[in-house]
Amino acid sequence: MGLTKTEIFTDQQNRIADLAKAFAHPARVAILQMLIEKKACVCGDLVGELHLAQATVSQHLKELKRIGIIQGDINPPRVCYCINPPVWEEAKQTFGALLDAMVEVPCC
């Protein structure tokens, strides 16, 4: 497996890319939207509502949790997920700052 060369970028650039991964797949966007809409922890409803295989949903949840944008409460046999407010706010601030940095200038 080749190197990803993430070490040549700043911590901030790597974090922006990591946060962007949360929104880089429609299934993850759907999961985030469901969690926001429910305004509560969601336990086990995701597979039925997304119409995706359990393994697929689990992989997307794993990635969202790795990034930190969701958090899970493990209470066997159930795992409940919800938005992690501090990381959600970080994403809002990060993307807002990045998008606001653009100043209109004539372009080719």
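Q: What supplies the largest share of the lining of the largest pocket?
A: Helix α4 does, with six residues. Lining residues have an atom within 4 Å of a pocket point. α3 (46–50), α4 and β3 (78–83) each supply at least two residues of this lining. Helices are DSSP runs of H or I with at least four residues, strands are E runs with at least two, and both are numbered from the N terminus.

Q: How far can these values be taken?
A: This is a predicted model, where local features need pLDDT of at least 70 and side-chain atom pairs 80 or more, while totals for chains, interfaces and linings use all residues. Residues are numbered from 1 along each chain as its sequence is written, and side-chain values use heavy atoms, without hydrogens and water.

Q: What is the volume of the largest pocket, and which residues are closest to its centre?
A: The volume is about 230 Å³. Of the 15 lining residues, Q54, S58, L61, V79 and Y81 are the closest to the centre.

Q: How do you know how the span of α5 compares with the expected one?
A: Helix α5 covers residues 85–100, 16 residues in total. The expected span is 1.5 Å times one less than the number of residues. From first C-alpha to last, α5 reaches 22 Å, close to the 22 Å expected.

Q: Why does P85 count as exposed?
A: P85 has 52% relative accessibility, so it counts as exposed. P85 is found in helix α5. I70 is 15 residues from P85 in sequence and 8.3 Å away in space, C-alpha to C-alpha.

Q: Why is the pair of F23 and F95 called edge-to-face?
A: Rings of Phe, Tyr and Trp (its six-membered ring) pair if their centres lie within 6.5 Å; planes under 30 degrees apart count as stacked, over 60 as edge-to-face, the rest as tilted. F23 and F95 have ring centres 6.1 Å apart and planes at 80°, so the pair is edge-to-face. F23 lies in the loop between α1 and α2 (26–38) and F95 in α5, so the pair ties together parts 72 residues apart in sequence.

Q: Which residues form one aromatic cluster?
A: F23, W88 and F95 do. A search of the whole structure finds two aromatic pairs.

Q: Why is F23 called partly exposed?
A: F23 has 35% relative accessibility, so it counts as partly exposed.

Note on methods. Buried < 20%, exposed > 50% of the residue type's maximum accessible area, 1.4 Å probe, protein only. 1 Å grid on protein atoms, 1.4 Å probe; cavity = no way out; pocket = protein on both sides within 12 Å on 5 of 7 lines; lining within 4 Å. Points joined across faces, edges and corners; volume = space filled by probe spheres on them.
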